[in-house]
Amino acid sequence: MNTLNSLSSYLPDMVFQPLFIVLALLAVAIILFIQNKLRMDVVALLVMLGFSLSGILTTQEIFAGLSDPNIVLLALLYIIGESLSRTGVANSISDWLMRVAGASETKVLVLLMLSIGVLGSFMSSTGIVAIFIPVVLAICAGMNISPRRLMMPLSVAGLISGMMTLIATAPNLVTHSELVKAGYQGFHFFSFTPIGIVVLGLGILYMLVARRWLDDGVANNVNNSNEDSMAKLIEEYGLNGRAKMVILKEDSPLIGKTIDELKLRSVYQMNIIAIQRFKNFRHITIAAYGNDQLQKKDILLVDIGVDEVRFLELCELFKLQQIELKGSYFSTQAKSVGMAELAVMPETETIGRTIPELRFRSSYGLSIIGIKREKNILHNDLLSETIQSGDILLVMGIWSKIETLAKERKDFFLLGLPKESKLAVPAASQAPHALFSVFLMVVLMITGVVPNVIAALIACLLLGKFRCIDMKSAYDSIHFPSLILIVGMMPFSIAMQKTGGVSLMVEEFIRITGGAQTNAYFILLGLFALTAVVGLFISNTATAILMAPIAIEVAKQLGYSPTALVMVIAIASSAAFMTPISSPVNTMVIGPAGYRFMDFVKIGVPFTILVMLATVFLVPIFFPL
């Protein structure tokens, strides 16, 4: 009773204490994060407003995050990740995975998690998971297995990839920044790697067993609908059997001549859709413009309007070697070559003209391969057809040219892009330059010749110079809500230290764990567990921001290495396996796999405990206490 009386007399005074206001703001922020009615970046902005109105922090302290080099570094890393996507580096790895794994689900799982672990070390885990979702769905469809068995390994590997390098995820950069601000040496580029490799190995072994817990007994619940896909268009326009791939032999009479000059389509009914040409140590796919000269060993993607016998005669005539083409009508080339429907704008000069008169190939680098007219499909002898009002044109060529045409609304407008357009690689020829730029950045970061943010800036400028990415794509790739979230939550770290909140939480933590009287491993276990619990309610980045100062203060009071304790916080922040809302990576796989909330609890809780034990054992080895 005396305790209650003393507490009630203390509460009125506490309400007006700055620490109480900070804790109240934190509680409100957590509630808003859990409710998920407001965007997380909006909540962060409201937090900044709350600190301003309360007068607890100065304007400079509120916006301290904007001057943090790690915010700029994170933005630059988004650009670098997008460059790896646009140049096809990530897609090349997914192709390799499907080719090597064959029909073995175990091989697929192991190679999938290894690939994501490596790629996620240098690009956004959210971005890499987004790239691999359609790949996993395609693998599941081909192997006739449920996506539930592979989507969870996909998300787990995405989270583990954040434990591989300093730049792999925002919590690593945040904890590094807190160490530097406290006057300690931060992490090196590969400081996380030894622990990350072990956790990745554990994750692979764990998911080989745990995938069975996710099997719903359905062989394959992938949505096989052809809606908005190239397969639907191919079937609708009757294009199956018309696609061929040929390579020009060294003595081909076509070499050195332009496509317009050869008149292959008008005379021989052989329409060149695109050209694959060897450049920069790899084959790239380029648009087939009318004035393009064919070169020795060019691979031609051709739409034919003749029977097989006549086609073989033409191959003999023009010294062409046929290449086996898998899939239906160039569907296996969907990462570079695509198709789309265009509607003809009314009252334009296009109406009444034939396809040759439109000079469509010369203007856009695309071919019209079909016309839909009043529910009738025209694909034979198209060159003699005149365009009529209401016609829908099916065009084909490389994706970048389709996207360019879509922006022009003078004569045509795009009806929509098939889902395969998401696999497009607009800068495939620049992949070697992208790899060089990233390699140089990693070398600069490892050697410490320049600060990390300058190394990333150099890489981004090189990526722009090599045309791996353009300015619009670069700005679009930056996930500004995540940056705003970090900037908005950083004042909590300052406010908790300024008002004594960190000291109070540290005292309670030391009191509960026993402090200096307790084995150091229990201190590490306590920090990991506390971080994991906080991470159930707020993002892993916000969790790192709140917990890093606490770990540093605990280290000071108990005489431990701050680097070791902060490393535990960083790993625990990335170990967001337990709920679908703990990380965007988890949220992304719910729909494609049909997961429920309890699926993440069932798989995530045991694995989080496993990662916690591994981390507590490994951290003192690599970062002596």
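Leu-546 lies in helix H25; helices here are DSSP runs of H or I with at least four residues, strands are E runs of at least two, and both are numbered from the N terminus. Leu-546 is buried, at a relative accessible area of 14%. Buried means under 20% relative accessible area, exposed means over 50%, and partly exposed is in between, using a 1.4 Å probe and protein chains only. Between Leu-546 and Met-490 there are 56 residues of separation in sequence, and their C-alpha atoms are 8.2 Å apart in space.

A word on the model itself. It is predicted, so to speak of local features pLDDT must be at least 70, side-chain atom pairs count only at pLDDT 80 or more, and totals for chains, interfaces and linings use all residues. Residues are numbered from 1 along each chain as its sequence is written, and side-chain values use heavy atoms, with hydrogens and water left out.

**The chain overall**

The protein chain has 28 helices and ten strands. Of its 625 residues, 53% count as buried. Take the contacts (heavy atoms within 4.5 Å) between residues at least 6 apart in sequence: 78% of them join residues at least 24 apart.

Thr-87 sits in the loop between helix H5 (69-86) and helix H6 (89-101), and it counts as buried, at 0% relative accessibility.

**The cores**

A nonpolar core is a set of buried Ala, Val, Leu, Ile, Met, Phe, Trp, Tyr and Cys residues joined through side-chain atoms within 4.5 Å. The largest one has 142 residues, and the members that touch the most others are Phe-51, Leu-154, Met-441 and Phe-492. Helix H25, running over residues 540-558, gives the most to this core, with eleven residues. Apart from this core lies another, of 41 residues, including Met-230, Phe-330, Ala-334 and Met-339. As a general point, nonpolar side chains tend to be buried together in soluble globular proteins.

What does Leu-154 contact once its neighbours within four places in sequence are left aside? The list is Leu-112, Ile-116, Val-129, Phe-132, Ile-133, Val-136 and Val-589.

**How some helices cross**

Axes are lines fitted to C-alpha atoms, for helices over the stretch in contact, and angles run from 0 to 180 degrees between N-to-C directions.

| Helix pair | Axes come within | Crossing angle |
|---|---|---|
| H9 (residues 148-160) and H28 (residues 597-622) | 12 Å | roughly 45° |
| H24 (residues 520-534) and H25 | 10 Å | roughly 160° |
| H26 (residues 562-574) and H28 | 10 Å | roughly 160° |

Angles under 35 degrees count as roughly parallel, over 145 as roughly antiparallel, 65 to 115 as roughly perpendicular, and the rest as oblique. H9 and H28 are therefore oblique to each other, H24 and H25 are roughly antiparallel, and H26 and H28 are roughly antiparallel too.

For handedness, a crossing is left-handed if the near helix is turned anticlockwise from the far one by less than a right angle, and right-handed if clockwise. H9 and H28 cross in a right-handed way. On the H9 side the contact uses Arg-148, Met-152, Val-156 and Ile-160, and on the H28 side Asp-599, Phe-600, Ile-603 and Phe-607. By class that makes six nonpolar, no polar and two charged residues, where Ala, Val, Leu, Ile, Met, Phe, Trp, Tyr, Cys and Pro count as nonpolar, Asp, Glu, Lys and Arg as charged, and the others, Gly among them, as polar.

The crossing of H24 and H25 is right-handed. Ile-523, Leu-527, Leu-530, Thr-531 and Val-534 of H24 meet Thr-543, Met-547, Ala-551, Val-554 and Leu-558 of H25. This contact has eight nonpolar, two polar and no charged residues.

H26 also passes H28 in a right-handed crossing. Here Ala-564, Met-567, Val-568 and Ile-571 of H26 touch Val-611, Thr-615 and Val-619 of H28, giving six nonpolar, one polar and no charged residues.

**Two arginines with positive phi**

Most residues other than glycine have a negative phi. Arg-359 has a positive phi, near 50°, and is found in the loop between helix H16 (355-358) and helix H17 (360-364). Arg-467 has a positive phi as well, near 60°. Its place is the loop between helix H20 (452-465) and helix H21 (471-477). Is Arg-467 buried or exposed? Arg-467 is exposed, with a relative accessible area of 59%.
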